[in-house]
Amino acid sequence: MTTAQSESGRTITTSIPARLDRLPWSRWHWSIVIGLGTVWILDGLEVTVVGNIASRLSEPGSGLPITSGEVTGIAAALYVAGACAGALFWGRLTDIWGRKKLFMITLAVYLGATALTAIAFDTWWFFLFRFLTGFGIGGEYAAINSAIDELIPAKYRGRVDLLINGSFWLGAVGGSLLSILALNTSVFPANVGWRLTFALGAVLSLVILLVRRHVPESPRWLLIHGRDEEAERIVGDIERRIEAERNEPLPPAEGELTIHQRERVTFLEIARTVFAKYRKRSVLGFSLFIGQAFLYNAITFGFGAILTTFFDVPSGSTGYYFAVIALGNFMGPLLLGKLFDTVGRRVMISGTYLLSGLLLFGTAWLFDRGALDAATMTACWCAVLFFASAGASSAYLTVSEVFPMETRAMSIAFFYAIGTAAGGISGPLLFADLTGTGEVGDTVLAFQIGAGLMCAAGLVAVFLAVNAERRSLEDIAEPLTAAATKAKTKTRVGADPDAGGSKPATT
């Protein structure tokens, strides 16, 4: 690494990004996946448990004066509002203060809010700490996705990102089964079981917090913010650990980057970068998040009412069906994730979006004809969400890798907030009216709206998706602080037409 002084600060030439990208998969990378990724399991558990225990919370003797509608309506909306606000608030601080500091703070906020939810004694208390729980989770999305993409080698980035975001559904499976146990008054009193579910979330997050202490700061973030010596120590330590594990030296890194170090980037620069220089990528991000938000709400928001209204499934048994649906959601990113790194982003993103939308259209047609029962409807939902889950996870991957380093966390936060608000506010308002009427035609329309928006997003991806597979983050979107790129490998003829320049892109 070489350094020089410029008018705006130190200028350094470094191979650290290339050194991180050329690392083989190792135990150290698994520790990153476990330390950073397991929080989505908690998110899935949180969301599912609250929806499934709403009936118990509203019963006399629960210890909380609240109605079922307030749990699934006001409390759910506050959780979503907290997640949106938290994403934007913590996202900006993640780009300024660093990835590690924020993924520790946001998890601590989540831990405290969840623990205090468990001792709720009045409605206002429950509402307040549902908002703060969402506030912590929203911040996690920006901090965690930024750190994962910047620490995982380019060869594996797609599958790892999809798997981690898809692990939300493992939490949903656990939440469904846990809610069945919590609702069993022969095991726990009515005023105890629901509290234990929140307490368990707090205990699990404490364990994750302890594991997460050993995850380092992103060397890429350190480089840009004038802490290149610290970045060098971290990368050197990672390399020594992997060489000791493999008992052989690592191959040389190929490629260098020259940057002017800066403490922070202004909001104006972020806005100009995201909405002017990379406006096509912004359209792509909006489309992917809105499409998946509406498809998921078309199915999951009213799934319990659909099962009980049209198929006479007892309300106490819907948790089993949701556990099956959630498992199908997890299997999508697990089995398809590798293809996003091999077949490529454009084909897989557009393919999963279009296929899930078309399958939901088919489900709506079968449901309208009366050809489904509870089991076959659940099977159809599983098929739809197998592909939709991989697509939805790729939305997070996309917005975390196609914008420059300095704007990464804020970009994730912004698109997450837009998608979550659309799915968590306008989605339920629309689909609650449709699935709650008890009319087959209205539920069919709900499916068709979700399917149509998912297909539209898939078509956008056909034309605008970025071929980011196996490419370094700095190649996909040059850092705003970059002065020049010295590539020691061959160059790819032509340029990314949405990257704001015409020079050849490094491969």
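Which residues does L385 touch, not counting residues up to four places away in sequence? In this predicted model, L385 touches L295, Y296, I299, I325, G328 and N329. L385 is also among the members of the largest nonpolar core that touch the most other members, together with L36, W169, L288, L295, F311 and W381. This core comprises 119 residues. Helix α19, spanning residues 374-401, gives the most to the core, with 15 residues. Apart from this core lies another, of 18 residues, which includes L45, V71, F129 and W194.

T117 lies in helix α6, which covers residues 99-118. With a relative accessible area of 0%, T117 is buried, because the cut-off for a buried residue is under 20%. Leaving aside residues up to four places away in sequence, T117 touches F126, F129, R130, T133, W194 and F198.

Two helix pairs were described in terms of packing. Helix α18 (residues 345-368) packs with helix α21 (residues 440-464) at an angle of about 165°, and their axes are 8 Å apart. The angle makes α18 roughly antiparallel to α21, since angles over 145 degrees are classed in this way. The crossing of α18 past α21 is left-handed. Residues in the contact of α18 with α21 comprise 20 nonpolar, nine polar and two charged.

In the second pair, helix α8 (residues 157-166) and helix α16 (residues 318-336) have axes that come within 8 Å and cross at roughly 170°. Helices α8 and α16 are therefore roughly antiparallel to each other. On the α8 side, the contact involves L162, L163 and G166, which meet F330, P333 and L334 in α16. Sorted by class, the contact of α8 with α16 holds five nonpolar residues, one polar residue and no charged residues.

Positive phi values were found in loop residues other than glycine. For N247, phi is near 60°. N247 is found in the loop between α12 (228-246) and β3 (256-260). The relative accessibility of N247 is 71%, so N247 counts as exposed. For D312, phi is near 55°, again a positive value in a residue other than glycine. D312 lies in the loop between α15 (303-311) and α16. D312 has a relative accessible area of 66% and is therefore exposed, the cut-off for this class being over 50%.

How values were computed: Residues numbered from 1 in each chain as written. Predicted model: local features only at pLDDT ≥ 70, side-chain atom pairs only at ≥ 80, totals over all residues. Heavy atoms only, no water. Axes fitted to C-alpha atoms, helices over the stretch in contact; angles between N-to-C directions. Helix = DSSP H or I, 4+ residues; strand = E, 2+ residues; numbered from the N terminus. Parallel < 35°, antiparallel > 145°, perpendicular 65-115°, else oblique. Left-handed = near helix turned anticlockwise from the far one by under 90°. Nonpolar A, V, L, I, M, F, W, Y, C, P; charged D, E, K, R; others polar. Core = buried A, V, L, I, M, F, W, Y, C linked by side-chain atoms within 4.5 Å. Buried < 20%, exposed > 50% of the residue type's maximum accessible area, 1.4 Å probe, protein only. Contact = heavy atoms within 4.5 Å.
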